[in-house]
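Open the model in your viewer and keep the selection panel at hand.

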Amino acid sequence: MDTGATTEIEVAQLLINTLHLDQSPGEIQPDEPLFGDGLGLDSIDALEIALAISKVYGFALKSDEGRAHQVFASLRNLTRYIDAHRIR
Amino acid sequence: MTAARWAGRRERGSESLIRLMIWLSLTLGWSVGHALLYPITLYFVLMVRGGRRASRAFLHRVLGRPATHLEVFRHFFGFSCVLLDRLFLLSNRLRYFDIQVNGLNDIEGALAQSRGCILLGSHLGSFEVLRVVAQQSPVPVKILMYRGNSRPYSRLIEALDPTLAESVIEVGEPEAMLRVQECAQRGEIVSILADRAPQQDRTVTVPFLGDPAAFPAGPLILAAALGTPVVLFFGIRTGNRRYQVHFEYFADRIILDRARRAEDLASWVRRYAARLEMYARQNPFNWFNFYDFWEHRTAALQAPQTRSADAAADAVSFGDVGGSCRDVASHDRRADAASGAGG
């Protein structure tokens with residue numbers, strides 16, 4: 001398993017696989033909002049992403065941290081968060 | 001009138017009335033509150049034209065003949081009674097009520113698996129009566145709901161039972177579904193109203209009482225993601241202060257096959273709609289969606305042909321009433337849905 005720095009392309013691929021998106025990783029802009037106007041994800045998508053993250057990177061996103069909004073704000077934020085918290 | 005507008009109108013129009021009713025009923029008792037429901041209901045029957053029309057059309061559909069004025073009044077009156085009873089149920093004045101519970105084995109069977117449980121309720125009858133049943137539950141019962149523009153009303157109602165707010169997980173909070181997941185991990189019950197599709201939610205259009213109607217897809221997608229068992233809940237009002245609660249085992253696990261996700265989802269939603277239809281036929285005066293429940297059907301049937309060839313015959317839509325309908329299978333996820341599962 002790759003334990004080097006998490007890349008945006010890698011996380012974009014995770015989003016695409018998890019949510020069955022019809023896009024290539026390079027098409028998801030790092031600063032584009034994932035929810036609402038940007039990629040148009042919703043909170044169930046967030047859950048599916050969180051479940052996928054725990055499977056691949058070995059840590060769980062918690063609701064009580066109150067940071068979900070920020071973490072899911074963009075691909076860049078999500079990648080940074082994963083990089084800082086992954087245990088595998 | 002759309003679901004959202006109906007909700008908004010009721011909440012605004014009835015806030016002061018609700019205040020007055022809460023005070024009068026809880027001070028002077030259920031009988032006084034009940035007596036007041038006659039003039040109040042008459043007022044609403046006369047004033048709420050859209051609701052009246054929806055009631056008449058629904059009853060016609062289910063009874064198979066035009067509804068009488070008295071039946072429309074009875075329909076509205078049943079709704080008023082449920083609202084009144086709600087005050088008593090929430091303020092724990094339970095001695096007034098006769099509540100029979102059927103299918104307890106079904107919910108116990110689901111809980112025994114310790115995987116949590118998604119409980120699908122509806123606007124057929126009283127959802128509030130669940131809170132009474134929940135007091136006997138071995139595990140906490142949470143309610144995933146969309147509050148949106150009903151906040152002032154929610155606050156009034158929550159004042160009756162301070163623990164209510166704690167049990168509510170509000171749809172729309174970014175971490176709402178993470179909280180649901182944590183509840184499921186602890187083996188708790190998360191209940192969702194699964195019949196009404198708020199605007200901007202993912203919906204699936206399936207046959208319901210003779211015509212296609214849009215149902216929210218969120219609750220079942222959520223159950224699929226979590227892998228929890230799913231149980232149905234109906235709190236039918238059968239008379240004054242009398243309720244019959246039905247729990248019904250629905251699925252061990254909702255599985256949405258990756259290659260045929262839209263079809264699988266449509267088939268689960270169709271099953272849910274069929275059960276709701278059965279209970280609605282048996283208890284038409286418990287149907288508390290006082291708007292045209294089938295209003296989406298034209299839009300759904302005229303959905304642009306963006307769906308892939310193997311997509312389900314039923315349109316699975318994202319977006320609002322006026323928006324285009326997009327299929328899960330079309331992989332077009334640039335929908336404007338941001339609010340998550342419907343409540």
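Select B:Arg65 and B:Glu71: they form a salt bridge, with the closest N and O atoms 2.7 Å apart. The term stands for a side-chain nitrogen of Lys or Arg within 4 Å of a carboxyl oxygen of Asp or Glu. B:Arg65 is partly exposed at 36% relative accessibility, while B:Glu71 is buried at 14%. Buried is under 20% relative accessible area, exposed over 50%, and partly exposed in between (1.4 Å probe, protein chains only).

This is a predicted model, in which local features need pLDDT of at least 70 and side-chain atom pairs count only at pLDDT 80 or more, while totals for chains, interfaces and linings use all residues. Residues are numbered from 1 along each chain as its sequence is written, chains are lettered from A and ligands numbered from 1 in the order in which they are written, and side-chain values use heavy atoms, leaving out hydrogens and water.

Next, select B:Arg275 and B:Glu248, another salt bridge, at 2.5 Å between the closest N and O atoms. B:Arg275 lies in helix H11 of chain B and B:Glu248 in strand E9 (residues 242–251) of chain B, so the bridge ties together parts 27 residues apart in sequence. Helices (H or I, at least four residues) and strands (E, at least two) are DSSP runs, numbered from the N terminus. B:Arg275 is partly exposed at 27%; B:Glu248 is buried at 15%.

Move to B:Glu188 and B:Arg186, whose side chains meet in a salt bridge at 2.8 Å, N to O. Here B:Glu188 is buried at 7% and B:Arg186 exposed at 51%. In chain A, select A:Glu8, A:Asp31 and A:Arg76, which are linked in a salt-bridge network. Over all chains there are 16 salt bridges.

Now the rings. B:Phe58, B:Phe208, B:Phe215, B:Tyr272, B:Trp287, B:Tyr291, B:Phe293 and B:Trp294 form one aromatic cluster. Rings of Phe, Tyr and Trp (its six-membered ring) pair if their centres lie within 6.5 Å; planes under 30 degrees apart count as stacked, over 60 as edge-to-face and the rest as tilted. Both B:Phe215 and B:Tyr272 are buried.

Which cysteines to select? B:Cys117 is buried at 1%, and B:Cys183 is buried at 2%.
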